Amino acid sequence: MQKLRLGVLGSGKGSNFRAIYEAIGVGRLDVEVAVVISDVVGAGILKLAEEAGLPTAILDEPRYKTRLSLEVEEHLVSVLQTAEVDLVVLAGYLRMIKEPLLKAFPRRIINIHPSLLPKFPGLEAWKQALEAGEKTAGCTVHYVDEGMDTGEIIVCAEVSVHPGDTAESLHARIQEAEHRLYPEAIATLTTPQSPIRNPQSYWLAFAFL
Ligand code: GRF
């Protein structure tokens, strides 16, 4: 069976990308990283990818902060298609995904979010959980749709909130959980039955609704 080819998108330090890449290295995850793409020049995730000798690309988007303009998102689609990407993995990518990418990769874009969705979508979710007095926080891997952290949930992991936790200590504990959960979640999508390998099953399910 051919290995799934990942296109990883990130805007930040890339610790989730590193966890995925390390899982591949030790044989826990049988996929290939086809390309790593960032919208931030000098982002940690790009440095990690370059050190690993992986193909990288930068999205030049001076006009908007929270999304890509139509032309740049269309360029992103062509970069992913040229790299023969099967699954788009958002790893700390901070812009909303719009129609060009959603249409080109239907149900083949996933994200990890640092809360137990549907609770606390959006920025600094760990802080939102702490301020709400939650006893349990966590992280969620989900398919991406046009909303903010609203797509169908694939899997989540719980993390206890400790007495005396600060936003930083809770965030660090959630990130540790993310680094275990994301590679495991991607591994579940590599099976022969996975919807990523059988996109027609998704459309068939719709046809029979
Ligand atoms: C993670 O906490 C993830 O949940 C969120 O963005 C953060 C990215 O961190 N979507 P990193 O760049 O992977 O270290």
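**Close-up views of a predicted model**

**View 1. Ser 194 and its surroundings.** A polar side-chain atom of Ser 194 sits 2.9 Å from the backbone nitrogen of Ile 196. The model shown is predicted. Ser 194 belongs to the loop that links α6 (167-188) and α7 (199-207). With a relative accessible area of 2%, Ser 194 is buried. Beyond its neighbours within four places in sequence, Ser 194 touches Thr 188 and Leu 189.

**View 2. The salt bridge between Arg 107 and Glu 152.** Side chains of opposite charge can pair when their charged atoms come close. Here the side chains of Arg 107 and Glu 152 form a salt bridge, at 2.6 Å from N to O. Arg 107 is in the loop between α4 (99-104) and β5 (109-113), and Glu 152 is in the loop between β6 (136-143) and β7 (153-160), so the pair ties together parts 45 residues apart in sequence. Arg 107 is partly exposed, at 23% relative accessibility. Glu 152 is partly exposed too, at 46%.

**View 3. The salt bridge between Arg 63 and Glu 71.** The two side chains meet at 2.6 Å, N to O. Arg 63 counts as exposed, with 53% relative accessibility. Glu 71 counts as partly exposed, with 46%.

**View 4. The salt bridge between Glu 124 and Lys 127.** The closest N and O atoms of this pair are 3.3 Å apart. Lys 127 has a relative accessible area of 31% and is partly exposed. Glu 124, at 39%, is also partly exposed. The model has nine salt bridges, among them the pair of Glu 124 and Lys 127.

Definitions and conventions: Residues are numbered from 1 along each chain as its sequence is written. This is a predicted model: local features need pLDDT of at least 70, side-chain atom pairs count only at pLDDT 80 or more; totals for chains, interfaces and linings use all residues. Side-chain values use heavy atoms; hydrogens and water are left out. Helices (H or I, at least four residues) and strands (E, at least two) are DSSP runs, numbered from the N terminus. Buried means under 20% relative accessible area, exposed over 50%, partly exposed in between (1.4 Å probe, protein chains only). A polar contact is a pair of N or O atoms within 3.5 Å; within protein, one must be able to donate a hydrogen and the other to accept it, and residues adjacent in sequence count only if both atoms are side-chain atoms. Contact means heavy atoms within 4.5 Å. A salt bridge is a side-chain nitrogen of Lys or Arg within 4 Å of a carboxyl oxygen of Asp or Glu.
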